[in-house]
Amino acid sequence: MLENLYLHKFGFLPESVTALTPTGSNRRYFRLTGPVTVIGVIGTSVDENGAFIYLARHFHEKGLPVPEVLAVSSDSLCYLQEDLGDTSLFDCRDSLPLLEEAVRRLPDFQYAGAEGLDFSRCYPVSDFDSRAILWDLNYFKYCFLNTTGTPYLESLLENDFRRMADRLSAGSTNSFMYRDFQSRNVMIRDSNPWFIDFQGGRRGPAEYDIVSFVTQARAAFPAEVRRRLVDVYVESASRYVDIDRADFDRKFREFYLLRTLQVLGAYGFRGKFERKPHFLKSIPAALANLSEILATTDDEYPYLVKVLRDMVVQCAPDSDSKPDSKPESSLTVTVMSFSYKKGIPADPSGNGGGFVFDCRGMENPGRYEEYKKITGLDRPVIDFLEKRGEIITFLDHCYALVDPSVECYDRRGFTSLSVSFGCTGGQHRSVYSAQKMAEHIKTCYPHVRVHLIHREQNIDTVL
C-alpha cells in the first residue's frame, strides 16, 4: 500500500521499504528510499491519522518545524511524510543548547500555532477538560495502581480525583497543548529541533507541556537542568502572555503529579498488559519522580497522597535485593523453531506443557531466490518479514498467550514449558519468531532460564 502511494506521488517505486522501530502506539512506520526518501505511516484509526495530517499542515503553513505531509491514501489509513532522519533529542539529551532551543520553540506551537486552529479536528477530544483529566486518573488507577495490590477506598480516592480534575481544568485557555511533548518526539536535523507526534494535541493548559518535557522519566534530567529549561520556557512564553511566576510554579507542581500518574498508567498498560519491555523498564524512573513529588506535596489531595505513598512502598524492592531482581526461577522455557516436514518437536520433559504455533500462514521468504541461503536471523529476511507487518501482529498474539503461562508455571514452581514455532523449512518465519519470543521472555522474566533451539539450523543456546 505504501509502495503504491509512493508510486502515485513520485511516479516510480521505492528502491527499499524498511520497518522502523515500533513505538508505543499502534501506528507502524517505514522508511521508503529511492530518489526521494520519505517516511511512510500505516495507522489503524482514520480519526487519529486525520488529526495528525490536519495539525501537521496547519503548523507547516505557520512556518513551524514539523514534517511536511506529502501524500495521503484514499482511505486515510496511510500517508507519506518528510523524513527528518534518525536522531531524536533523546539521543542528544546531554546537549543543553539543543534542549533549550526545543523548549524555546514550544510556545510557538502553543500560542502562534493555536491561532486559526480548528480544535474540533483534534483527536480524541478537542479540550483537556475535567472529563479528560478524569480519564487520565482512572487510566492510572486501572492500569497501574490496581496491579500493585495497594488497598484503597474507591469513594475517597474518587473524591480527590474529582477535586484535582475540577481544579486543573478551571480557567479558560485557547492555547494548544501538545500533550506528549518529550525528547523522543523532537528530531534533530541540521542541528535544529523538529517536532513530531502531536496528533494527541488539543486545547489545554500550556504548563502541562513543559512539565511533560522536563520530567520525562527516562531522560532523567538533573535538577539544575530542569530549572534552567523551565526558566528558558517561561522567558519564551512571555512573548505571548503575561506569566505570574508564583502561579506558574504552583500549577507546575500539580501538573507534575497529574502527568506522572498518566505516565504510570501508560507504562502499566503498555508494559504489564501489552508486554512491551521498554515500558516496564521505565516504571522505576517514573516512581522515582512520584517519590520526589510526594516528598514536597502540600497535601491538597490528602487521600490520594496517602494511597500513592503506600503504593510507592508496595512497589519498592526488598532492601536486601537489587532493584527489580527476583530469585532465580526453577523454570526453563524451551523455545524452538522447526520444519513441519520433519515433524513437531518431541517434549523431553514428558509433561506436554506448552504451545506450538504455525507460521505458515505468512508469506514465505524462502520462495524468493535472494533469501534461500539465509535465515530468519539475517537482516534481509528480518526486513522482508517486518515490512509486511503481519508477523509483528502474529507475535503480539503469541506473547499474550505465552506470558500468562510463564507467570503461572514460575509461580507454581514448575520446571519446564515449551514454545515451538513451525514453518515449511524451519529456516525463515519460524526462526525469526522463535528468536523474538526467546528474547521477549528473557527481557520480561530475566530470572527465568530460556533455552533457545533452532532445530533445523543446528543452533542450541541458553539466553
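Some questions and answers on this model follow.

Mentor: Quick background: this is a predicted model, where local features need pLDDT of at least 70, side-chain atom pairs count only at pLDDT 80 or more, and totals for chains, interfaces and linings use all residues. Residues are numbered from 1 along each chain as its sequence is written, and side-chain values use heavy atoms, with hydrogens and water left out.

Trainee: In what order do the five strands of the open sheet come?
Mentor: Strands are DSSP runs of E, at least two residues long, numbered from the N terminus, and two of them pair if DSSP finds at least two bridges between them. The edge strands, S11 (354-358) and S14 (459-462), each pair on one side only. The pairing is mixed, and the order is S11-S12-S10-S13-S14.

Trainee: Which residue in S12 is the bridge partner of Phe355?
Mentor: S12 covers residues 416-423 and runs parallel to S11, with five bridges joining them. In S12, the partner of Phe355 is Val419.

Trainee: Which residue in the hairpin of S7 and S8 takes a positive phi?
Mentor: S7 (residues 186-189) and S8 (residues 192-195) pair in the antiparallel sense over four bridges. Two residues lie between the strands, and the one with a positive phi, near 55°, is Asp190.
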